[in-house]
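I keep these notes to learn my way around a new structure.

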Amino acid sequence: MGTEQVASAATGYLRTSGNKIVDSAGNPVRLTGINWFGMETDNKTFHGLWSNRTWKQQLDQMAQLGYNTLRVPFSNDALKPDAKASGVNDFVNPDLVGLSPLQILDKVIGYAGGKGMRVILDRHRPTSAGQSALWYTATVPESTWIEDWKALARRYAGNPTVIGADLHNEPHAEGTNPDATGACWGCGDTARDWRLAAERAGNAILSVQPDWLIFVEGVSCPSGGLSNVWDNDPSNDEDCGWWGGNLSKAGEFPVRLSVPNRLVYSPHEYATSVYRQKWFDAPEYPANMPAIWDKYWGYLYKNNTAPIMMGEFGSTLADPKDKVWLENLMAYTGSGVNGMSFTYWSWNPNSGDTGGIVGDDWTTVNQAKQSILQPYLIPPTGGTTTTTTTTTTKTDQPPPGACRAAWKQDNAWQGGFQGSLTVTNTGASAVTPWKVVFTLPAGATIASGWNGTFSQSGTTVTVTAPSYSPSLPAGGSVALGFTANGPSGAPTGVTLGGAACGV
């Protein structure tokens with residue numbers, strides 16, 4: 001945390017320097033993002049466009065919560081000339097009617113860029129039918145994979161909102177040795193060696209778009225074969241990790257790209273709601289986890305070899321062990337702008353084994369997850385989005401004293417703190433649009449906030465209603481969460497719509 005968070009306004013295209021991602025001026029950049037999936041499915045476009053929220057409101061809320069990067073999974077099916085997007089609420093999103101999946105992606109990229117967000121494209125599946133162990137299938141050859149990547153690189157050339165390519169999602173083992181058919185790392189077989197394939201695709205992309213970052217995931221088992229503990233042959237029983245999460249051989253067999261300072265390693269990491277790995281039940285859990293992360297991918301960061309961008313990690317948090325896992329994983333990534341980058345899985349509530357940051361209404365924030373991630377999020381800055389000010393008459397506001405405020409400090413650390421200010425409208429009528437003003441202790445400054453738009457002048461903080469929830473009804477409450485730099489302390493002098501709130 002600390003004041004270094006402020007230095008995240010990245011300019012131009014990004015590149016790497018040792019284990020850091022930097023902008024065109026050499027300033028360190030930490031990508032703290034979210035996955036918004038759907039373009040890889042039969043819908044061929046973002047999920048949630050069927051909800052009662054506009055696609056812009058979704059992006060507004062992501063940015064407001066502090067996610068500065070959007071990872072977009074897609075399948076090659078969505079890139080076909082005749083691809084049709086489905087599951088779009090025409091009434092809520094009339095501006096998307098009749099658009100192709102790529103045209104919808106264009107609009108999302110344009111709007112996200114206007115908010116200062118960055119976009120990573122993720123080839124998630126060859127077809128919408130499902131993931132594949134290798135980067136090619138019988139119907140989607142390697143040539144199609146590479147040509148589609150080059151076409152995307154050309155399409156977004158000159159647009160620094162799109163910062164790079166996550167080449168293929170979760171290469172993994174298949175079969176058992178010596179007859180394995182899955183993705184290996186460093187085995188030298190051009191048909192199965194993911195490291196060599198990543199070089200071929202990465203260099204092809206860089207030949208048409210040398211400014212992109214190339215995000216390379218790991219495998220599950222470096223040999224490309226599943227462990228077979230039943231055959232009494234220990235040579236088959238290697239140490240395997242998550243699909244896409246094992247980069248243990250990348251130090252010995254690094255990805256070699258034709259343009260320097262473009263390689264980012266991108267492991268995936270999950271908790272028990274996805275699969276109960278043996279390490280979750282170790283007696284020393286969670287103290288055993290940093291060594292496991294070190295072994296699979298963290299060593300690349302700690303040795304200053306390359307940046308790490310965790311492309312996926314998540315959990316339902318249904319098991320108490322998973323909350324501990326997420327807290328420890330975030331601490332492992334480091335604090336402030338120099339920490340490891342990440343994109344959380346997922347924004348979508350319809351991820352069966354993890355759930356999402358928002359609930360089934362595509363609006364309500366899962367605060368248990370968000371509160372753990374929040375201290376590590378660096379909100380987007382430098383966008384060009386304009387703000388519309390709405391003027392309301394005095395009769396719209398409740399009488400003085402018609403509100404109540406409650407403060408809860410959730411966390412504190414050297415140089416900062418995190419908390420939630422819950423403001424309840426105790427008046428007889430709605431406050432539209434609502435506005436909350438309060439005073440922070442001297443020397444404290446807002447670092448990030450959510451559930452409202454925060455601004456600060458001196459010690460006075462003003463929080464205005466987000467576009468997706470402008471009204472605070474009679475009896476309704478809003479929980480204004482934020483992190484701040486400086487001395488901790490309860491907000492004072494809270495007002496709602498100009499009316500002083502009781503505590």
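Predicted model: local features only at pLDDT ≥ 70, side-chain atom pairs only at ≥ 80, totals over all residues.

**Entry 1**

Helices (H or I, at least four residues) and strands (E, at least two) are DSSP runs, numbered from the N terminus. Two strands pair if DSSP finds at least two bridges between them. In this pair, Ile21 stands opposite Val29 in β3.

Residues are numbered from 1 along each chain as its sequence is written, and side-chain values use heavy atoms, with hydrogens and water left out.

Then I asked which strands make up the open sheet of three. The order is β1-β2-β3, and the pairing is antiparallel. β1 (15–17) and β3 are the edge strands, and each pairs on one side only.

**Entry 1: the cavity**

Rolling a probe the size of a water molecule over the atoms shows where empty space is left. I wrote down the rule: on a 1 Å grid over the protein atoms alone, a cavity is a set of points where a 1.4 Å probe fits but cannot get out; a pocket is an open set with protein on both sides within 12 Å along at least five of seven lines; lining residues have an atom within 4 Å of a point. Grid points are joined across faces, edges and corners, and a volume is the space filled by probe spheres set on the points.

How many cavities of 30 Å³ or more are there? The count comes to one. The largest cavity holds about 70 Å³ of space. It is lined by 13 residues, and Asn19, Lys20, Ile21, Val29 and Gly339 lie nearest its centre. β2 (20–22) and β3 (28–29) are the elements that give two or more residues to this lining. By class, the lining has eight nonpolar, four polar and one charged. Here Ala, Val, Leu, Ile, Met, Phe, Trp, Tyr, Cys and Pro count as nonpolar, Asp, Glu, Lys and Arg as charged, and the others, Gly among them, as polar.

**Entry 2: the eight-stranded sheet**

I moved on to the open sheet of eight strands. Its order is β9-β8-β7-β6-β5-β4-β13-β11, with parallel pairing. β9 (263–265) and β11 (309–310) stand at the edges with a single partner strand each, so one side of each has no neighbour in the sheet.

I checked three of the pairs.

- β8 (residues 213–216) runs parallel to β9 with three bridges, and Val216 stands opposite Tyr265 in β9.
- β4 (residues 32–35) joins β13 through three bridges, also in parallel; Tyr344 in β13 is the bridge partner of Ile34.
- β11 and β13 pair in the parallel sense over two bridges, with Met310 opposite Phe342 in β13.

Helix α3 (residues 142–155) lies across β5 (69–75), β6 (118–125) and β7 (162–166). It runs at about 160° to β6. Axes are lines fitted to C-alpha atoms, for helices over the stretch in contact, and angles run from 0 to 180 degrees between N-to-C directions.

Is Ser341 buried or exposed? Ser341 is in strand β13 and counts as buried at 2% relative accessibility. Buried means under 20% relative accessible area, exposed over 50%, partly exposed in between (1.4 Å probe, protein chains only). Both faces of β13 (residues 341–344) are covered, with Ser341 and Thr343 buried on one side and Phe342 and Tyr344 on the other. Beyond four places in sequence, Ser341 touches residues including Ile21, Val29 and Met310. Contact means heavy atoms within 4.5 Å.

Ser128 is in the loop between β6 and α3. Ser128 is buried too, with a relative accessible area of 12%. Its C-alpha atom is separated by 4.7 Å from that of Thr41, 87 residues apart along the chain.

**Entry 3: a hairpin**

Last, I looked at β18 and β19, which form a hairpin with two residues between them. Gly458 in the turn has a positive phi of about 65°.
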